[in-house]
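Dear colleague,

Please find below the structure for your attention. My notes on it follow directly after.

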Amino acid sequence: MTASRIRIVGDPVLRQRSEEVTEIDERLVRLTEDMAQTMYEAPGAGLAAPQVGIKARFFVYDLQDEVGAQTLINPEIVESDGEWLFDEGCLSVPGLYFEISRPKRVHVRGIDLDGNEVDWEADEFAARLIQHELDHLDGVLLLDHLEADQRKDAKRAVRQMMMGERGPDELPERSRRRLSRDVLFGGSS
């Protein structure tokens with residue numbers, strides 16, 4: 001397995017709607033293994049195909065529930081309810097976190113790597129992860145959920161980090177803090 005390069009905000013592939021997966025084959029299985037390695041090395045809890053330059057509707061994720069890395073292919077949210085504010089980050093917008101409101105619960109359907117239908121009711125962090133990764137499959141970034149001024153500042157900060165003009169330690173404390181495992185996986189901060 002080899003880790004892939006994670007695409008950063010500004011890469012056009014992150015803004016394109018991904019195409020449905022029509023065949024689950026050994027190539028796709030190997031790709032998901034590489035993506036899982038990339039996700040763990042980043043570190044992250046989810047990684048969508050467009051984030052590694054692939055325009056296909058699937059993502060890998062790990063909910064830290066002893067199951068390990070899983071894959072969801074051609075996911076769709078069929079129902080959602082509630083509202084949950086939570087600090088959210090993105091591997092394609094490195095080092096920045098923003099309080100984002102999303103539905104608290106979602107009902108998602110898709111396919112796993114064995115071709116079996118997945119029909120799942122997810123809550124809180126799992127629901128947020130699914131919504132975040134599904135956004136990537138639709139060409140939507142975390143920044144699209146921000147107010148215009150906040151989005152402009154975030155893009156400037158990422159650009160400055162990429163050009164070496166400032167490091168993550170020079171970002172405002174609220175935007176650069178790494179979330180603890182408790183916060184990431186549904187605990188309190």
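Helices (H or I, at least four residues) and strands (E, at least two) are DSSP runs, numbered from the N terminus. This is a predicted model, in which local features need pLDDT of at least 70 and side-chain atom pairs count only at pLDDT 80 or more, while totals for chains, interfaces and linings use all residues. Residues are numbered from 1 along each chain as its sequence is written, and side-chain values use heavy atoms, with hydrogens and water left out.

Gly139, with a positive phi near 80°, follows H2.

Turning to the strands, E1 (residues 46-48) and E2 run antiparallel and are joined by three bridges; strands pair if DSSP finds at least two bridges between them. Val60 in E2 is the bridge partner of Leu47. Four bridges pair E2 with E3, again in the antiparallel sense, and Phe58 stands opposite Ile73 in E3. Within E2 (residues 58-61), Phe58 and Val60 point one way and Phe59 and Tyr61 the other, and all are buried.

Thr71 lies in E3 (residues 70-81) and is buried, with a relative accessible area of 10%. Its contacts (heavy atoms within 4.5 Å), not counting residues up to four places away in sequence, include Phe58, Phe59, Val60 and Tyr61.

There are four aromatic pairs, where rings of Phe, Tyr and Trp (its six-membered ring) pair if their centres lie within 6.5 Å, with planes under 30 degrees apart counted as stacked, over 60 as edge-to-face and the rest as tilted. Phe59 and Tyr61 form a tilted pair, 5.7 Å centre to centre with 55° between the planes. The rings of Tyr61 and Trp120 have centres 5.9 Å apart and planes at 20°, so this pair is stacked. The latter pair links distant parts of the chain, with Tyr61 in strand E2 and Trp120 in strand E7, 59 residues apart. Trp120 is partly exposed at 22% relative accessibility, whereas Tyr61 is buried at 5%. Phe59, Tyr61 and Trp120 form one aromatic cluster.

Yours sincerely

Definitions and conventions:
Buried means under 20% relative accessible area, exposed over 50%, partly exposed in between (1.4 Å probe, protein chains only).
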